[in-house]
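These are my notebook entries on one structure.

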Amino acid sequence: MSVERIPFGLMPDGRKVYKYIITNNNEYSVHILTLGATLNSFIAKDKNGENLDVLLGFDSVEDYLELSDYQGATVGPVANRIGGASFDIGAKHYELVANEKDVTCLHSGGEFSFALWNAVVVDSDAVEFGYTSPDGQGGFPGETSVKVIFSLKDDNKLTIKYEAVSDRDTFINLTNHAYFNLKGYGNGTILDHTMQINAEKYTPVDEMSIPYGRNDSVEGTPFDFRKPVMIGDRIDDDNEQLNFTGGFDHNFCVSGEIGELRPCAETFCAESGIKMNVYTTLPGVQFYAGNFLNGTAGKKGVPMEKRSGFCLETQYYPDTPNKPDFPQCFFKAGEKYESETVYGFHTAGGSDNAQ
Ligand code: GLA
């Protein structure tokens, strides 16, 4: 078990960016940047015992700042989309950054994802990242202090714990936007992975990817992942929801009790033998199949082609601030936001069933 810190580059204003590497006793490692509290690499073992990097990402600060589609980034203060880029708190109306088609607020305009975070090593297997968002940034009320603690233990589970508190009443919805490829970055698409999601319901969206505000049953739809399904078998089905989003890019309502760490999803790649189990305390998970990736060159110059990575972004549902019937992510001034998400890795033979 060890934590190492190495220089990664410089911000445009000259501040230093570091990479922290946590390595466990099985030689699995996670590489995390102080830029965006970003997961840069995750090295797992395949069925032949070879190292595989299962995360998409970039090799330089410049590439992250110029080319990123949120690869591995921490997202906040409010992840996913907010319709009309606005919300109300009491009688007050807040206009937010409208960074998608000038209409929608997506991932809060990237504030947390492209900020420089502080980091401290808190254990032989854990690093804590911190960032304070100024009041009014991106239109969001409150000075909000955030902590994200990453740890990697010998059970090969990457745990991410989030905490945040604001000095004003506000909405908080944090996630990580890692794109995984369990065949290894650069080894093709994720269409041959099987996906299982522990959800009876999902939140259908309009053409702008904003939920209608209702939870629909997955039964009889391409969104039924209650049993493992090969992603490629359904992603191009002629279905209005899939046509709106160009493939899976939807929020699923994770079954079980919100606030409890419970199974969320399980993804498996037969070629590498790697299985990933996701657990979360949060109400939902966005399964995004990397439909907008378009060949941008990432680590070692390897292109990130369409659908060469998938995201399982644990979260409150998209547009929650405008959807009173969704589980709420409203926090009073001084009230603490807390959540936990775990990504656990196994190689063929290991088991950890999400059902
Ligand atoms: C999210 C969204 C996608 C896409 C990516 C960023 O996960 O759901 O539609 O915008 O971020 O490219």
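In which sense do strand 18 (residues 199-203) and strand 21 (residues 249-254) pair, and over how many bridges? I noted first that the model is a predicted one. I then found that strand 18 and strand 21 pair in the antiparallel sense, over four bridges.

I recorded an open sheet of five strands in the order 19-18-21-24-27, with antiparallel pairing. Its edge strands are strand 19 (216-217) and strand 27 (311-315), and each of them pairs on one side only. I reminded myself that strands of a sheet pair through backbone hydrogen bonds.

For the largest pocket I recorded a volume of about 430 Å³. Its lining consists of 21 residues, and Arg81, Glu100, Leu106, Asp249 and Phe292 are the closest to its centre. Helix 3 (240-245) and strand 24 (284-288) each supply at least two residues of this lining. By class, I listed seven nonpolar, seven polar and seven charged residues there.

My last entry concerns the second largest pocket, which holds about 240 Å³ of space. I found 15 residues in its lining, with Ser41, Asp53, Tyr185, Lys299 and Lys300 nearest its centre. Two or more residues of this lining come from each of strand 4 (38-45) and strand 5 (51-53). Strand 4 gives the most, with three residues. By class, I listed four nonpolar, six polar and five charged residues in the lining of the second largest pocket.

Notes: Residues are numbered from 1 along each chain as its sequence is written. This is a predicted model: local features need pLDDT of at least 70, side-chain atom pairs count only at pLDDT 80 or more; totals for chains, interfaces and linings use all residues. Side-chain values use heavy atoms; hydrogens and water are left out. Two strands pair if DSSP finds at least two bridges between them. On a 1 Å grid over the protein atoms alone, a cavity is a set of points where a 1.4 Å probe fits but cannot get out, and a pocket is an open set with protein on both sides within 12 Å along at least five of seven lines; lining residues have an atom within 4 Å of a point. Grid points are joined across faces, edges and corners, and a volume is the space filled by probe spheres set on the points. Ala, Val, Leu, Ile, Met, Phe, Trp, Tyr, Cys and Pro count as nonpolar, Asp, Glu, Lys and Arg as charged, and the others, Gly among them, as polar.
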